[in-house]
Amino acid sequence: MSPGAQTTLLPPGVVAPQSGAAASNPGCSTLAAAAAPGTIPNAPGGDAVPAAGRDQALAASKRVKIDTPSLEGSINLTGARLDDLKLKHYTETVDKNSPEIELLNPQALPTGYFAEIGFVGNDKTGAVPGSDTVWTVEGNPTLSPSTPVTLTYTNDKGLTFKRVFSVDANYMFTVTDTVQNSGASAVSLFNYGRVTRYDKPAVASTYVLHEGLIGVTGTEGLAEYKYAKIESEKQVTPGKSTDGWLGITDKYWAVTLVPTEKQPFQPRYAFFEDGRHRYQSDFLTDAINVDAGQSATVETEIFAGAKEVAKINAYEADRHIRQFNLVIDWGYFYFITKPMFWLIDTLYKFFGNFGLAILATTVIVKALFFPLANKSYASMANMKKVQPKMLEIREKYADDKMKQQQAMMELYKTEKINPLAGCWPVALQIPVFFSLYKVLYITIEMRHAPFFGWIQDLAAPDPTSIFNLFGLVPVTLPHMLMIGVWPLIMGVTMFLQMRMNPTPPDPTQAAIFTWMPVIFTFMMAGFPAGLVIYWAWNNTLSILQQGLIMKRQGAKIELWDNLVALFRKKPSPAE
């Protein structure tokens, strides 16, 4: 230590600010001091400091350590801001040694993302806690499920603010603010909360998933604003509410605020362009009156973590958070998607592998729809049996389409055949397929879930490709050429299923009949591996089911003849 240097003794877990560029970071500039009464002070819009690493940005202010079974990070004592949070159980890639997911980051970073609770005052209240308030730790300096942390701040008007942070073993923080008025007159102030983000997800959102600002408040209920939409609308202010929640959601993670039910509050969703672009979900309560010599308490819950279905449902039920389950985007077909997830998750607990659970789910779905599918395949078998008669009608009334149609309908009636029956198995498969796609795509339980062999993430596409000989040739391929083993298996099963039926006599239909499996192979290659495995297994079961029913109905199975005809050498015109 150099001569004359001074040492500041701090409690364990509290880091002293460093001097230099990090300490003078313009991204840590204070809020505008002159906020209008009853208005949330604007979040800082200063520039990020690209040179500042995460550790340097964290060291720029005193902090209180967070250590729970699920989370690690710290609370910034400047603003009592939750801006440093990592998820212990989730890594960036399948590799268990890859870095943990960094959910919240200091404002100074380009990826700044934080949750903050504060107050809006007036001349009578004096300075009230906001982004630039430096809080003091009282007692325990480490936040854990068993050890809450108490912060205090006293202003020049006789108001003492005591903030207690507590956290459970998962992802829910509780912030309890008590305002003690030691002054000579009553004061009135407002409580606010905000989730502010300075960047957007690196991966673009898709139409099947909502990422962006979200909330359930007031009579409007669910509100969803994608980043592009809020950039266009700038600010959206729904009606006041007395319950609900709001925040920002990603595919697998979310940060949301649950305001106190004691005070009506005004929710808002906003995009700011002054300085740095930033997205914000916030609320402002009605005035909180504190008489002289009295105190008032307000409580806010902050969810910051992974959108695990069981935990989200438990928070909704145990803490009475209205429709909190909607933070997971189950989609319009939630009445199918949610039971589909429940079934897969239940089977996973039995098999210990989500891939096996998907295969078992396919069997169960097949069994549920077996009676209808049985009738459909039986009708298809009967149509094959009367195909010679259908050809005769087409030839007989080739020049009279009306009579041809009438004769066909009479044949269907006589033979008790439903010409549309064969469409039902496919039609029923579509909502199941889409629901499984949603489950694989949105639920974090499927993220990095392995199957067997090379499939280490059922929620990601098959990583192999026929065009580099499945990894034997060290060549990086464009995305469209990543045709893996499972998409090929799916394509083969689809090809065999289609060849169970006679080749259509119409050349255009025959071409579609031939090329559809190839087209679907390329289309499905980019879908999650779990979905491709489901489709391949479903096709296999359909082939077995259709073959069994056709045999029982006495209809000829066209598979072998179609395969022979496909590969048989066609005679040349000279022959």
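1. Strand β3 (residues 81–91) is largely enclosed by the rest of the structure, because eight of its eleven residues are buried (under 20% relative accessible area, with exposed over 50% and partly exposed in between; 1.4 Å probe, protein chains only). Strands here are DSSP runs (E, at least two residues), and helices are runs of H or I with at least four residues, numbered from the N terminus.

2. This is a predicted model, in which local features need pLDDT of at least 70 and side-chain atom pairs count only at pLDDT 80 or more, while totals for chains, interfaces and linings use all residues. Residues are numbered from 1 along each chain as its sequence is written, and side-chain values use heavy atoms, with hydrogens and water left out.

3. Strand β2 (residues 71–76) pairs with β3 in the antiparallel sense over six bridges; pairing requires that DSSP finds at least two bridges between two strands. L71 stands opposite L87 in β3. Four residues separate β2 and β3 in a hairpin, and G79 in the turn has a positive phi of about 90°.

4. Strand β4 (residues 100–104) also pairs with β3, antiparallel and over four bridges. Here T91 has E100 in β4 as its bridge partner.

5. Within it, β15 (residues 244–249) and β16 (residues 253–258) pair in the antiparallel sense over four bridges, and I248 has V255 in β16 as its bridge partner.

6. V518 lies in helix α11 (residues 507–524). V518 counts as partly exposed because its relative accessibility is 36%.
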